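Come and read along while I look things up.

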Amino acid sequence: MLNFIWIAFILVGILAALAQALQGDLDIFSRVLTGLFDSAKTGFDISIGLVGVMSLWLGIMKVGERGGIIQLFGRALGPFFRRVFPDIPAGHPASGSIVMNVSANMLGLDNAATPLGLKAMRELQEINPQKDTASNPMIMFLVLNTAGITLIPTGVIAIRASLAVKQGLVGFNAADIFLPTLLATFISFTTGLIAVALWQRIDLFCRPVLAFYAGFCGLMAALYAWLSGMPPEQMTQTIGLLGSGLIVAIIAVFIAVAAGQRINAYEAFVEGAKEGFGVAVQIIPYLIAMLVAISVFRTTGCMNYVIDAIRAVVVALGLNADFVPALPVGLMKTLSGSGARGLMVDVMTTYGVDSFQGKLAAIIQGSTETTFYVLAVYFGSVNISKTRYAVACGLIADAIGLIGAITIGYLFYH
């Protein structure tokens with residue numbers, strides 16, 4: 001599937017560039033070429049930039065694994081994972097790594113989530129009978145990752161707060177999109193889970209899964225009740241403290257437990273950190289391949305054509321089209337996180353950070369994931385070339401999540 005999408009992005013983009021050149025835009029191919037080179041450099045820079053943080057987290061994970069904490073995480077969610085990931089053996093470290101990755105994603109800590117996710121993929125590859133083909137647990141993990149629940153969209157809140165100052169807004173609550181974003185991402189997560197479960201014939205109507213959903217709903221309610229009464233500035237500080245404090249606490253616990261068991265934590269850390277360098281280098285060709293295809297599609301204006309077509313359809317149906325300016329954020333987010341972030345800032349700058357379009361762009365950005373980036377990097381890290389139905393399920397979750405985000409935006413702000 002990735003092969004067909006990759007080819008389509010490039011060929012459709014080149015055809016669009018050719019049409020624009022015939023209409024007199026003689027600089028179009030120059031812009032496409034510049035975009036290709038810039039994207040290749042960006043892919044390399046991202047991969048190299050991941051070396052440090054991946055070495056850090058894979059080192060910490062190795063310490064936790066030696067101390068038995070990772071296995072403890074896996075056992076704690078054992079009943080849920082046995083239902084959702086029936087092919088992962090009981091007590092396998094992949095379960096703990098998946099839990100850590102999901103936890104980091106829930107707190108909006110992308111830098112921590114990526115190396116933890118790559119660690120989980122390497123462990124899932126160990127039990128994969130066909131090394132070039134995505135296994136059922138890999139597909140479930142990646143779809144849930146791309147549609148992952150985000151409790152606290154810290155990056156989006158920080159950008160909104162910064163733009164509000166530039167726009168002269170006083171007393172602006174940058175975190176007021178917290179609950180709508182949480183609801184939207186919950187819809188996306190549930191859709192991804194159901195899509196893969198139907199494909200893999202997993203029964204979700206069982207006590208462990210229902211208990212997980214009940215617990216999550218309770219956590220959402222408690223978190224909202226705790227944060228909603230705070231002043232905007234205090235809420236932002238509390239959210240930042242919660243995310244960073246939890247990660248620091250995890251590091252401290254891992255090292256303390258290892259020390260208590262007289263494990264050589266330093267040696268374990270170095271061993272795990274060495275893996276981080278190798279993984280970061282290995283993903284370079286996969287990431288560059290995806291970014292250059294996205295660049296051609298975006299530079300030639302194909303994304304704008306898609307948006308204009310959607311706007312025409314919405315208007316023809318007699319529906320309200322106020323959401324359309326924010327729609328490019330959702331469509332771009334599946335392709336490029338940085339591209340979607342730029343589009344979100346553009347919407348907030350054009351319409352105002354406190355406008356309906358600005359708030360909706362923030363909800364979409366905070367509740368969706370870079371599906372193609374995640375699939376390319378995660379599968380590339382373990383040399384998976386046959387992705388089966390992972391892309392289809394990921395895009396289904398993205399589509400329903402985007403519709404859910406728009407609906408929630410109208411319910412809350414329109």
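This is a predicted model: local features need pLDDT of at least 70, side-chain atom pairs count only at pLDDT 80 or more; totals for chains, interfaces and linings use all residues.

**Entry 1**

I began with Asn383, which I found in the loop between H18 and H19. Helices here (H or I, at least four residues) and strands (E, at least two) are DSSP runs, numbered from the N terminus. Residues are numbered from 1 along each chain as its sequence is written, and side-chain values use heavy atoms, with hydrogens and water left out.

Asn383 is not a glycine, and yet its phi is positive, at about 60 degrees. Most residues other than glycine have a negative phi, so I wrote this one down. Asn383 counts as partly exposed, at 41% relative accessibility. The cut-offs I use are: buried under 20% relative accessible area, exposed over 50%, partly exposed in between (1.4 Å probe, protein chains only).

Arg388 lies in the loop between H18 and H19 as well. Its phi is near 55 degrees, again a positive value in a residue other than glycine. Arg388 is partly exposed, with a relative accessible area of 40%.

**Entry 1: aromatic rings**

Next I looked up the rings. How many aromatic pairs does the structure hold? I noted 11 aromatic pairs. Rings of Phe, Tyr and Trp (its six-membered ring) pair if their centres lie within 6.5 Å; planes under 30 degrees apart count as stacked, over 60 as edge-to-face and the rest as tilted.

Phe186 and Tyr213 make an edge-to-face pair, with 5.4 Å from centre to centre and 65 degrees between the planes. This pair links distant parts of the chain, since Phe186 sits in helix H9 (residues 178-200) and Tyr213 in helix H10 (residues 207-228), 27 residues apart. Phe186 is buried, with a relative accessible area of 16%, and Tyr213 is buried with a relative accessible area of 16%.

Trp199 and Tyr389 make a stacked pair, because their ring centres are 4.7 Å apart and their planes are at 5 degrees. Trp199 lies in helix H9 and Tyr389 in the loop between helix H18 (371-381) and helix H19 (390-413), so this pair ties together parts that are 190 residues apart in sequence. Is Tyr389 buried or exposed? Tyr389 is buried, with a relative accessible area of 9%, whereas Trp199 counts as partly exposed at 46%.

I also found a cluster: ring pairs link Phe80, Phe186, Phe189, Phe212 and Tyr213.

**Entry 2: salt bridges**

I counted 5 salt bridges in the structure. A salt bridge here is a side-chain nitrogen of Lys or Arg within 4 Å of a carboxyl oxygen of Asp or Glu.

In one of them, Arg31 joins Asp25, with the closest N and O atoms 2.8 Å apart. Arg31 is partly exposed at 37% relative accessibility, and Asp25 is partly exposed at 24%.

Lys119 and Glu123 meet in another, at 3.8 Å from N to O. Both lie in helix H6 (residues 110-126), 4 residues apart, about one turn of the helix. Lys119 is buried at 5% relative accessibility, and Glu123 is buried at 4%.

Asp354 and Lys359 also form a salt bridge (3.4 Å, N to O). Asp354 is partly exposed, with a relative accessible area of 40%, but Lys359 is buried at 12%.

Helix H17 (residues 356-367) has 12 residues, and 12 of its 12 residues are buried.

Returning to helix H6, I found Gln125 there, buried at 12% relative accessibility. Which residues does Gln125 touch, leaving aside its neighbours within four places in sequence? Gln125 is in contact (heavy atoms within 4.5 Å) with Lys131, Met138, Val382 and Ile384.

**Entry 3: a nonpolar patch**

Last, I turned to the surface. Ile14, Leu15, Leu18, Leu22 and Phe29 form a nonpolar patch with about 520 Å² of accessible area together. Patches are made of residues with over 30% relative accessible area and no salt bridge; like charges are joined within 9 Å, nonpolar side chains (Val, Leu, Ile, Met, Phe, Trp, Tyr) within 5 Å. Accessible areas come from the Shrake-Rupley method with a 1.4 Å probe, and for residues only the protein chains shown count as cover. Helix H1 (residues 2-22) gives the most to the patch, with 4 residues. Leu15 is found in helix H1 and counts as exposed, at 57% relative accessibility.

Methods:
The expected span of a helix is 1.5 Å times one less than its number of residues.
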